[in-house]
Amino acid sequence: MRSLLTPWRLVISLLLLVLALLGVAAQQFRLFERGFFNLQEWRHASEWRDRSIWLPDYQVVIEAKPIEGLSDDVSALTYDPDRHSLFTVTNQRPELIELSLDGHLIRRIPLVGFGDPEAIEYISKGVYVITDERRQRLIKVRLDENTRSIDADEAQQLSLGIGLSGNKGFEGLAYDTAGQRLFVAKERDPVRIYEIHGFPHTNPDKPFAVHVVDDPKRDARLFLRDLSSLQYDDRSGHLLALSDESRLVLELNADGRPISTLSLLRGMHGLQQTVPQAEGVAMDNDGNLYVVSEPNLFYAFRKQPRD
């Protein structure tokens, strides 16, 4: 009896298996959506370039600079326009870290009662919000020159039981000053960006009322495998979303539609090496972008003048 598995049938079977695996991988990594977006980004460059952040124009100016004196895992990043410095948090040994705009450590402040701080966001002068990922807490804290430690039990807090999934909780924050909206990123399973209205509570003369807005249609267009950090740009009204697993910074317009991207892969935007675990993104008043990567690497990107 002749074998049914002839050489040519074996080759065809292997090819079909490879194609099936490639299809699964493409779906898993959102390659089809990303490829279609890249085409759209190129087609609409002239339309959006003057009305957006436009990430393709950015080039790295500081790459993979170790933050001296810091060996812990940094997570998230925010720009303080009053101090003209950056803030990040560490979660292995909870601390609030202040950095200069060229990646030098300025000071470190212990965080007491924070289980797993993953993000920090500047709200107003001396006021910040820090997330506690596993407990899904948003914690409003105050900071000045005399602050030596910050205790979560002494701060205003908001607990949200949204889409609980273990260590895949609140991973990024961004704040819209004009709209008084706090954007909160859920890391994955599924990827989500929530809008929190009413927290932090800034007007003691008004009742404490919180409203949470969810937009699944917008989130489905992100083609990102996870979310690590957020940044809101007051000038354009656009939102930046950082993904570690996708090695990408994605710009969303006011309608939540993807507009432009900055790839964190080797060879892109002047990078000599791929950014290894990007955890935080921030933008200063001049439009410069900053990225921190675990455990302690610092990057800066600057928009280049047009030819």
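Buried means under 20% relative accessible area, exposed means over 50%, and partly exposed lies in between (1.4 Å probe, protein chains only). The model is predicted, so local features need pLDDT of at least 70 and side-chain atom pairs count only at pLDDT 80 or more, while totals for chains, interfaces and linings use all residues. Residues are numbered from 1 along each chain as its sequence is written, and side-chain values use heavy atoms, with hydrogens and water left out.

Strand 16 is covered on both faces. His238, Leu240 and Leu242 are buried on one side. Leu239, Ala241 and Ser243 are buried on the other. Because six of its six residues are buried, strand 16 is largely enclosed by the rest of the structure. Strands here are DSSP runs (E, at least two residues), numbered from the N terminus.

Two strands pair if DSSP finds at least two bridges between them. Strand 15 (residues 229-233) pairs with strand 16 in the antiparallel sense, over five bridges. Ser229 has Leu242 of strand 16 as its bridge partner. Four residues lie between these strands in the hairpin, where Gly237 takes a positive phi near 75 degrees. Strand 17 (residues 248-252) also pairs with strand 16 in the antiparallel sense, over five bridges. Here Ala241 has Leu250 of strand 17 as its bridge partner. This hairpin has four residues between its strands, and Arg247 takes a positive phi near 55 degrees.

Contact means heavy atoms within 4.5 Å. Not counting residues up to four places away in sequence, Leu264 touches residues including Leu242, Arg247 and Phe301. In soluble globular proteins, nonpolar side chains tend to be buried together.

Two polar residues complete the picture. Ser75 lies in strand 2 (residues 74-80). Ser75 is buried, with a relative accessible area of 0%. The side chains of Ser75 and Glu118 are joined by a polar contact of 2.6 Å. A polar contact is a pair of N or O atoms within 3.5 Å; within protein, one must be able to donate a hydrogen and the other to accept it, and residues adjacent in sequence count only if both atoms are side-chain atoms. Arg181, in strand 12 (residues 181-186), counts as partly exposed at 21% relative accessibility. The Arg181 side chain makes a polar contact of 3.4 Å with the side chain of Glu195.
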